[in-house]
Amino acid sequence: MIRAYTNNGQWSDALALYSLMRRSGVWPNNYTYPFVLKACGHDPSAGIWSGKTVHGELIRNGLESDLYVEAALVIWYAKCGELNDGRKVFDGMTSRDLVCWTTMITAYEQAELPRESLMMFGFMQQQQGILADSVTVVSVASAVGQLGNVKSARSVHAHALCCGILEDVCGGNAIVAMYGKCGDVESARMAFDRMEERDIISWNAVLSGFVQNGQAREAFSLFELMKESGCRPNPLTALIMLSACSFLGSCQLGMKIQGFLVDNKITVDLTLRNALIDMYAKCGDLETAMGMFNDIGVRERDVTSWNVMIAALGTHGRGKEALDLYLRMQEEGVRPNHITFVSVLSACSHAGLIDEGKNCFADMQRFSVKQEVKHYACMVDMLGRAGLLNEAFDLVRTMPSPPNDGVWGALLLACRVQGNSELGEVAANNLFLLEPEHPGYYVLMSNVYAASRKWHEVGNLRTEMKSRGLMKPAAVSMIEYRGEIVGFQTADWLNPFRHEAYKKLEGIAVEMKSRGYFPDRSCVLHDVEEEDKDHILNYHSEKLAVAFGIIKSEAGSTITVMKNLRICCDCHSAFKLISDIYRRRIVVRDGNRFHHFEAGSCSCNDYW
């Protein structure tokens with residue numbers, strides 16, 4: 001009866017029957033405990049102590065050395081997250097089968113301890129000579145994905161091929177997802193194409209890999225193939241594709257996905273509604289996002305709903321409204337979590353609300369939310385943007401845990417904004433130790449030196465980048481035209497709209513100069529002639545995209561541009577003037593935030 005209840009998922013009934021059995025004077029045996037422990041692991045009301053009580057009882061009954069009972073104990077401890085106790089039972093086992101090894105490998109992987117998981121996998125193969133099955137490979141592949149190690153990913157793929165595991169759809173799905181998490185989308189697509197059988201998880205895995213690695217256009221092509229194949233998308237597919245829309249900044253594609261949900265009668269639950277709000281906000285349509293948020297009943301909203309909207313308001317420069325929403329969520333009885341504080345601290349940083357930000361940081365202790373490294377990074381960014389560099393550096397030095405690249409990166413960016421090359425060197429040297437292969441930090445420090453006209457130091461950094469084989473990321477600005485995303489880069493000779501955009505931009509430059517515009521040459525971080533600086537500034541990718549938008553969109557309509565890097569000061573000044581000359585609202589999403597230009601001013605109030 002205990003087994004029957006357990007096998008049918010009636011965990012509480014199984015445990016109640018076990019208690020009745022004990023009170024009736026009937027002693028459990030080695031067949032009883034595995035099912036009782038399984039029930040303890042699944043019944044949320046049982047708690048950790050119920051399983052430990054059972055562990056004590058089976059020891060008193062002399063059954064702690066039974067293979068099946070030991071295996072059940074390992075599984076139970078792993079399921080409860082008690083890895084140390086589970087490992088003690090595992091290490092004390094006289095005999096271990098594949099299930100026991102896989103349990104420990106999976107437990108470490110699920111606890112986000114991928115190195116320990118892979119170490120166990122190595123022990124299983126080398127010391128015990130046990131061959132993995134598809135269940136083991138799924139966990140090992142996930143552990144490799146957490147590490148992002150392509151070399152290890154290929155090794156696991158080869159092992160799965162040799163063992164014939166890829167014939168199983170679960171094993172194939174794990175390999176596809178692993179490559180995606182490691183950033184190797186070509187191998188992910190290759191593994192996907194070679195699968196003899198695919199299910200919805202297969203499609204979601206390869207779609208997610210493309211989107212996570214910035215290849216959202218390719219993801220949409222795959223999505224069309226998925227529909228043609230007859231595989232019916234599910235809500236997770238919709239979440240992935242909404243993320244692709246957010247990356248591209250395409251409201252039109254987002255609306256198509258929303259329409260697809262309706263047409264295919266896919267239930268739009270709260271998770272999907274939150275994703276839709278996030279998508280519209282990231283595509284520049286804050287009004288629609290706010291309307292969708294307000295349409296969710298107050299009692300229906302979860303903490304994610306509030307977090308998404310607070311973050312949206314913050315990135316659009318509406319810090320005070322983000323703070324008001326933070327207070328409203330508390331009035332509605334929703335408790336802020338660690339993500340809430342990242343969102344609200346970022347909002348304060350973008351709006352220059354220093355005192356309010358400090359109060360929010362202090363609120364974390366009131367709500368028993370641990371102040372993590374990411375929250376300190378927000379504080380350093382907020383203080384640094386406000387010019388309080390010494391206070392920001394003091395905060396870094398007094399952090400309870402070592403600063404990571406996010407913290408030092410925030411300080412380095414602040415030094416770039418404030419023109420402090422001395423403190424910038426301190427931040428940069430720490431970043432070079434933590435992330436020696438990250439080109440962005442070399443570029444940022446180079447910009448700090450260039451702003452101070454330290455051309456010798458700029459040259460040294462660029463030489464260091466070349467010796468390491470590091471490349472500065474190219475600036476790309478994207479704009480939507482007739483349902484397609486058009487990308488602009490400086491000196492992109494293959495763009496079919498290049499001539500139109502360049503010609504229009506020349507006309508715009510003449511009109512701006514007649515209104516008193518003068519190029520901000522401090523934005524050109526190269527030691528070149530003044531005339532060359534003007535030429536470089538005039539053909540920045542975001543200017544080309546805006547010029548194209550003026551040509552192709554209707555008069556009076558909003559022009560929305562998405563840029564992968566931070567907007568420069570000259571483009572910022574130019575767009576304020578262009579918005580007034582052409583009576584257009586221009587929305588630019590750069591690598592940090594949104595700028596809404598209208599009638600000669602920007603929503604950021606020049607605080608950026």
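This is a predicted model: local features need pLDDT of at least 70, side-chain atom pairs count only at pLDDT 80 or more; totals for chains, interfaces and linings use all residues.
Let's start with the whole chain and then step into one of its pockets.

**The chain as a whole**

- You can follow 608 residues here, and buried residues make up 49% of them.
- The chain is built with 32 helices and 6 strands.
- If you trace the C-alpha atoms, they span about 100 × 55 × 55 Å along the principal axes.
- Take the contacts between residues at least 6 apart in sequence: 63% of these join residues at least 24 apart.

**A look into the second largest pocket**

- Rolling a probe the size of a water molecule over the atoms shows where empty space is left.
- The second largest pocket holds about 570 Å³ of space.
- Its lining is made up of 29 residues, and those closest to the pocket's centre are Q252, E480, T558, I559 and T560.

**Who builds the lining of that pocket**

- Three helices to find are α16 (251–263), α18 (286–295) and α31 (541–552), each of which supplies at least two lining residues.
- The strands β1 (477–481) and β3 (559–563) also supply at least two residues each.
- β1 gives the most to this lining, with 4 residues.

Notes:
Residues are numbered from 1 along each chain as its sequence is written. Side-chain values use heavy atoms; hydrogens and water are left out. On a 1 Å grid over the protein atoms alone, a cavity is a set of points where a 1.4 Å probe fits but cannot get out, and a pocket is an open set with protein on both sides within 12 Å along at least five of seven lines; lining residues have an atom within 4 Å of a point. Grid points are joined across faces, edges and corners, and a volume is the space filled by probe spheres set on the points. Buried means under 20% relative accessible area, exposed over 50%, partly exposed in between (1.4 Å probe, protein chains only). Contact means heavy atoms within 4.5 Å.
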